[in-house]
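Colleague: I am new to this one. Please pick a single part, look at it closely, and then set it in its surroundings.

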Amino acid sequence: MLIDWVAIAPEIALTITALIVLGADLSLRGEAKQLVNPLAVVGTLVAIGFTLYLWGDERSTFAGQFVINDYAVLFKLLFLGSLLAILGISWRFFAEGRYFQGEYYFLLLTSFIGMLLLPSARDLILLFIALETVSIPAFVMAGLRKRDLYSSEAAMKFFLIGVLSVALMLFGMSMVYGFTGTTELAGIAEAVGEGESVPLLLASVMLIFVGFGFKISAVPFHFWAPDTYAGSPMPVAAMLAVASKAAGFAGLIAVAFIAFEPLADVWAPVLGVLAIVTMTVGNLFALQQRDVIRLLAYSSVAQAGYILVPFGLAQSGHLAVNDAAIQAVLFYLVAYAVMNIGAFGVAIAVNRRTGMRSISDYAGLSQRSPLLALAFTTFLISLGGAPPTVGLWAKYWILRAVAVDITPFGIALAVFLIINSVIAFFYYLRVIRTMWMDDAPAGLPALQPGFNLSVVVVVLMFGTVLLGVLPGLAGNFADVVTLAGG
Amino acid sequence: MDPQTAGWALVVALFLPLAGAGLLALIPARLDQQIRRAAVVITGVSFALVAAITAAFDFGDAGTLQFVTDVSWISAIDANFHVAIDGISLPLFFLTYLLTFLCAIYTLSNLPAPGKPKGFLGLMLLLQTGMAGTFVAFDLILFFIFWELVLVPMFFMIGMWGGPRREYASVKFFLYTLFASIFMLVAFLAIYFQAGAETWSIPELSAAAGVGGTTFQTWAFLGIFFGFAVKVPMWPFHTWLPDAHTEAPTVGSVLLAGVLLKMGTYGFIRIALPILPEGAMRFAPMIGVLAVIGIIYGSLCCLAQTDVKRLIAFSSVGHMGFVMLGIAAMNEAGIQAALFGNIAHGVITGMLFFLAGSMHERYHTREIGVIGGGMLVKMPKYGVLLTYVAVASLGLPGLAGFWGEFAAMWAAISPGGDLGDAYGGLYLGLVIFAAIGTVLTAGYFLWLLQRVNLGQPPARWADEPLDDVLRIEWVSWVPLLLLILALGVFPRLVFGVQDAAVTNLMSFVTG
């Protein structure tokens, strides 16, 4: 079997970078260890270069299990862009903490290799392996501050719930194989479409969704998220909240819209209800939070609920609706990456040195650092979905998918989305108010975000506004989604 | 400038304040006075440009769009950047620039704690672009963006420079309006997809003489109605307004009353009526009933208020009720009345909020009981101005407030379409109650004047050195004072401009 090396060039580039980083960490001493960060950045840029080269290409290798098309390339660019941003906000955090820099960057890169594989995977086995490649390094990263009890607790919770749900998922996959006799997504779709839907088959589909539900922290599989985000090193929390979640959605799109598309009339209502529960619970819990990271954690649970809404709209064989739904998910993920990494970046800048991360720490941030306050305001407004930010368009694409074919369930989803947007704004506005309208307590040390972090935050802030004015720059997804099945 | 080709002028006027806000951000914060002067220059230049546009406007052809710019904006969703101006937009657009200019002048000497003119004026300029854009956008998506754009600056204006309950008021304002406007967006999307319109262009949708069936129009109108009704605000969606108005800084209140509320009524007239005429016809009686409830309820609330600013805020509920009554009449005269009422209320109530702000500057309270009368003795010029504007607001013939109310009631006697046959009695009842409302309005304003203006100043103010109207206040108020008189004596100033455009618009509604 011939391997199409060009198709997997981005993954190879990242793998080599990960190995170089590990080697460099072994051979470098003391301050020089910091150099692993720029090394990782260079490797990521190389991978981005390869990915851009693949844009507009259609390739397939490993007997069709691994495909390259615009849909996959778009996701890879999203992941690599997030990686670049996370590397930017990680530098000072780890260089100052002086713990396990080499290991951290190695694990981070490994996790992203799994993410790069996900949107290309067209086989259940490859999907599973990719998902595990994302998760396992993340378990370790969550516990990197091993002398910190919270960090250990974070890793432990994450690990136990993660392993349990993955086991359920694997069980579901094995049963699907039993029913259909294949692990290829396209083959499964064919077999499922012909046969009648047996309850046990539906149950195994649900088991697979449980695995993804954990990854995207949908309620009721979200319990790990707030504790893990709060206990992990903050850049790891950003990675879990954004990139790892996007990876879960990439897998969910593949499974839902390719393999089990014929069963959409069964799973769409389930995922729709899950969406409603997820956003409502996420937002109501977020209202109660005093810790900024926990607030962002619950807000990201709620955001996962919004992104699940288009799945609830899917209809078997209704191409226009499904296309609009996938478009909405894609756009939301791009927007979400930009605004949420930015928000975590500001949180790192403000709270890197302070142990506490209470919202009251943000009092008078506008006086201490107008730039950070402005950036955080932009990100929060965008997470809420008001102009002139990209978050508005993210919500727009979901409502648009609802409007393509109006059903009572679609209207119910839209109403819940609207009510939840308002609830979410309530706690986003509370943070904004604290930053601008309260006075800073005296005697706080000056903020030193560092050059890399400042650049990342400023770039993301401009990105949030620029995409808010010209959302067309995020690419025309209309051409991309039809390839999701390719 | 040729109104057929000079689309650039409108675009420049629209984004000049935004660019100005960017410019202000570059000036160091310690140059306090320079920042305030720069804002006056920016708003002044913008206003001059809008005055030039108005001068070049072809009044003989006010029914067609002029100064058009229509270019592709977001090709993925067919949204265009389509701005233009016609007889309906022009008065509101002009008012927006005039009021912002006057607010900038007023801010030269008046800015509530915590100061920071850079942030305040920057937000005001951002707000200006949002408000002005709403009146000239002819693409539903573009309209929605401008509509939502005003939320953030107004939130900060109330939240940072507002009164004691500013945090509550600002969040309530933001969440309430946001909630309603998303329903509006859903209705827009439904028009695009469900009705098979496949365009966001307001002129094209209007010319289609109604999209979808009657059932569809009813539902879509409900969504749009909710979005606009909160902004107007119509009873019972008005509860954000007294809080926002009372807590907002003077300039915020002036712009809120003068321009922001008009966005709602403008939206009804520009979007809801022509695009969904059948839905509008079905809803018109209900709108009429809510409008009249608003008039009576607003007046009764005014009678119970002890805070001058809160009283003026509730009077807005009543006045906007008259505007909505004009819309509910669904005929040309009614729309004319509504648009005139819009302008008149913007000028008069904007001026009243200026006066209330200045009163607070002097007395450091707005409680009627604490002020206790005697303003005509203590500050004769100020007292006269308050009397003049208050009687304008209660609808004295010869001043601006009269024409909107009178014409709205006159129009509602014979509503358009089939409404006259089906609901003739109801509309007659509405007019009667609205007339009672005018009496109540006169009652609370005159009572207010009696309590604060007449009599002798109480002992605690008798020896207090209170300034009469200051020079900077004269400069920022005189244009409004003159407009109140001019619109009262020559209502054609506005009616004439709108005439052709309203005829044009109503031809879409009643076929």
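Modeller: Start with helix α4 of chain A, where 15 of the 17 residues are buried, so the helix is largely enclosed by the rest of the structure. Keep in mind throughout that this is a predicted model. Helix α4 of chain A runs over residues 101-117. From its first C-alpha to its last it reaches 25 Å, which is close to the 24 Å expected at 1.5 Å a residue. An α-helix has 3.6 residues a turn, so residues three or four places apart point the same way.

The chain around this helix comes next. Chain A holds 19 helices and 2 strands. Of its 486 residues, 60% count as buried. For 486 residues a compact globule would have a radius of gyration near 23 Å, and the 21 Å of chain A agrees with that. Along the principal axes, the C-alpha trace of chain A spans about 70 × 55 × 40 Å. Among the contacts in chain A with a separation of 6 or more, 80% join residues 24 or more positions apart.

Helix α16 of chain A contains A:Trp393. A:Trp393 has 29 C-beta neighbours inside 10 Å and therefore counts as buried, the cut-off being 20 or more. Beyond the neighbours within four places in sequence, A:Trp393 is in contact with A:Phe331, A:Ala335, A:Gly468 and A:Pro471. A:Gly272 is 121 residues from A:Trp393 in sequence, and their C-alpha atoms are 21 Å apart.

The loop between α15 (370-384) and α16 of chain A holds A:Pro388. The peptide bond from A:Pro387 to A:Pro388 is cis, with omega near 5 degrees. Elsewhere in chain A, A:Ser217 sits in the loop between α8 (199-215) and α9 (224-231). A:Ser217 is not a glycine, yet it has a positive phi of about 50 degrees. With 29 C-beta neighbours inside 10 Å, A:Ser217 counts as buried.

Now the contact between the chains. It takes 24 residues from chain A and 26 residues from chain B. On the side of chain A that touches chain B, α16 (390-404) and α17 (408-437) of chain A each supply at least two residues. Helix α17 of chain A gives the most to that side, with 10 residues. By class, that side of chain A has 19 nonpolar, 3 polar and 2 charged residues. The model as a whole scores ipTM 0.88 and pTM 0.92.

The C-alpha atoms of chain B fill a box of roughly 70 × 55 × 40 Å along the principal axes. Buried residues make up 62% of the 511 residues in chain B. Of the contacts in chain B with a separation of 6 or more, 79% are between residues 24 or more positions apart. The average pLDDT of chain B is 91, and 99% of its residues score at least 70.

Chain B also has local details. Strand β1 (residues 66-74) and strand β2 (residues 79-85) of chain B pair in the antiparallel sense over 6 bridges. B:Gln66 stands opposite B:Ile85 in β2 of chain B. The hairpin of these strands has 4 residues between them, and there B:Asp78 takes a positive phi near 65 degrees.

In the loop between α9 (214-231) and α10 (240-247) of chain B lies B:Pro236. B:Trp235 and B:Pro236 are joined by a cis peptide bond, with omega about 5 degrees. The loop between α14 (332-363) and α15 (368-371) of chain B holds B:His364. B:His364 has a positive phi of about 60 degrees although it is not a glycine. With 8 C-beta neighbours inside 10 Å, B:His364 counts as exposed, whereas A:Ser217 counts as buried.

Notes
Residues numbered from 1 in each chain as written. Chains lettered and ligands numbered in written order. Predicted model: local features only at pLDDT ≥ 70, side-chain atom pairs only at ≥ 80, totals over all residues. Expected span 1.5 Å × (residues − 1). Buried ≥ 20, exposed ≤ 12 C-beta atoms within 10 Å, placed from the backbone. Contact = placed C-beta atoms within 7 Å. Nonpolar A, V, L, I, M, F, W, Y, C, P; charged D, E, K, R; others polar. Rg over C-alpha atoms; globule rule 2.2 N^0.38 Å. pLDDT = per-residue confidence, 0-100. Pairing = 2+ DSSP bridges.
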